[in-house]
Amino acid sequence: MTLNTYFDYIIFPILTISVILVMIRLIKGPQVVDRVIALDLIITIGIALITVYSIRYSEPVLLDIAMIFALIAFLGTIAFSFYLDKQIKK
Amino acid sequence: MTEVLIAVFSTVGALAILFASIGILRMPDFYLRLSTTVKASTLGVGLLLICAAFTFSDVSITTKAVAIVFFLILTAPVAAHMIGKTAYHTGVEIWKGTIIDELKSFNEEKDADNKDQSETIG
């Protein structure tokens, strides 16, 4: 069993199942804040998927996109909390 | 040797991410979901990026991986703190099994102080 088949049959399915589980919480989520952290977690798992993909197909260029994703996830969460805070002060 | 190391690290990382997603689905209230998610997912992504650094064994790739891990470790707690504060002020309810809520007593003291001040002024 080579490393590539291991990635194909174990690691990718685990990460895909994780995204599906978080997606259930994103749809169910009782409050807005639940949805915000679910979205944040989906983007973080996206970084993990990009990393595993770049290892599997040996394309290290894709790690730049992972870095940009990390930046966008942080900015998104901060922006959501900023505007939700503004909403209650009115 | 490197292959075994990569296999072990990627397995542990993927399992950490799986546990984070099970936690966000199964935990009873928002604050527990938040505390499960942030730590486990940061660990998982960090381990997978270490795998990438081992695989390519190139200085530029290693620097990139270390930069992403550093950025995640730096920003994830800040974002979690902000969204948790917002949730508390919006009035997201706490699970009934939670035994300590330090912010609640702090807010009550502040309210009592404000009342005392307004009484002395009035």
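**Residues 24 or more positions apart make 45% of the contacts in chain A that have a separation of 6 or more.** Two residues are in contact if their C-beta atoms, placed from the backbone, lie within 7 Å. This is a predicted model: local features need pLDDT of at least 70, side-chain atom pairs count only at pLDDT 80 or more, and totals for chains, interfaces and linings use all residues. Residues are numbered from 1 along each chain as its sequence is written, while chains are lettered from A and ligands numbered from 1 in the order in which they are written. Chain A has 3 helices and 0 strands. Helices (H or I, at least four residues) and strands (E, at least two) are DSSP runs, numbered from the N terminus. The order in chain A is α-α-α. Its radius of gyration is 16 Å, well over the 12 Å that the globule rule gives for 90 residues, so chain A is more spread out than a compact globule. That radius is taken over C-alpha atoms, and the rule is 2.2 Å times the number of residues to the power 0.38. The C-alpha atoms of chain A fill a box of roughly 60 × 30 × 10 Å along the principal axes. Of its 90 residues, 34% count as buried. Buried means 20 or more other C-beta atoms within 10 Å of a residue's own; exposed means 12 or fewer; partly exposed lies in between; C-beta atoms are placed from the backbone.

**Chain B runs α-α-α-α along its sequence.** It holds 4 helices and 0 strands. Its radius of gyration is 21 Å, whereas a compact globule of 122 residues would have one near 14 Å. The C-alpha atoms of chain B fill a box of roughly 75 × 30 × 20 Å along the principal axes. Of the 122 residues, 33% count as buried. Take the contacts in chain B between residues at least 6 apart in sequence: 61% of them join residues at least 24 apart.

**Confidence in chain B is highest in α1(B), at a mean of 93, and lowest in α4 (residues 102–121), at 72.** These values are pLDDT, the predictor's confidence in each residue, from 0 to 100. Over chain B the mean is 87, and 96% of the residues reach 70 or more. Where pLDDT is low, the predicted coordinates should not be read in detail. For the complex, the predictor gives an ipTM of 0.91 and a pTM of 0.88.

**Helix α1 of chain B covers residues 2–26.** Its 25 residues reach 36 Å from first C-alpha to last, close to the 36 Å expected at 1.5 Å a residue. The expected span is 1.5 Å times one less than the number of residues. Among its buried residues are B:I6, B:G13, B:A20 and B:I24. Their cover includes α1 and α2 of chain A, along with α2 (30–56) of chain B.

**Helix α2 of chain B is mostly covered, with 20 of its 27 residues buried.** At 1.5 Å a residue it should span 39 Å, and its end C-alpha atoms are 39 Å apart, which agrees. Just after the helix, B:S57 takes a positive phi of about 40°.

**The largest nonpolar core has 48 residues.** Such a core is a set of buried Ala, Val, Leu, Ile, Met, Phe, Trp, Tyr and Cys residues joined through C-beta atoms within 7 Å. The residues that touch the most other members include A:L15, A:V52, B:L48 and B:A52. Two or more residues come from each of α1, α2 and α3 of chain A, and from each of α1, α2 and α3 (59–90) of chain B. The largest share, 12 residues, belongs to α2(B). In soluble globular proteins, nonpolar side chains tend to be buried together. Look also at B:A52: beyond four places in sequence, it touches A:T51, A:S54, A:I55, A:L63, B:I61 and B:A65.

**The contact between the chains takes 40 residues from chain A and 42 from chain B.** On the chain A side, the elements that give two or more residues are α1 (3–28), α2 (32–56) and α3. The largest share of that side, 15 residues, comes from α2(A). The side divides into 29 nonpolar, 7 polar and 4 charged residues. Here Ala, Val, Leu, Ile, Met, Phe, Trp, Tyr, Cys and Pro count as nonpolar, Asp, Glu, Lys and Arg as charged, and the others, Gly among them, as polar.

**A:D85 lies in helix α3 (residues 63–89) of chain A.** With 15 other C-beta atoms within 10 Å, A:D85 is partly exposed. Leaving aside neighbours within four places in sequence, it is in contact with B:T86 and B:H89. The C-alpha atoms of A:D85 and A:I68 are separated by 26 Å, and the two residues are 17 apart along the chain.
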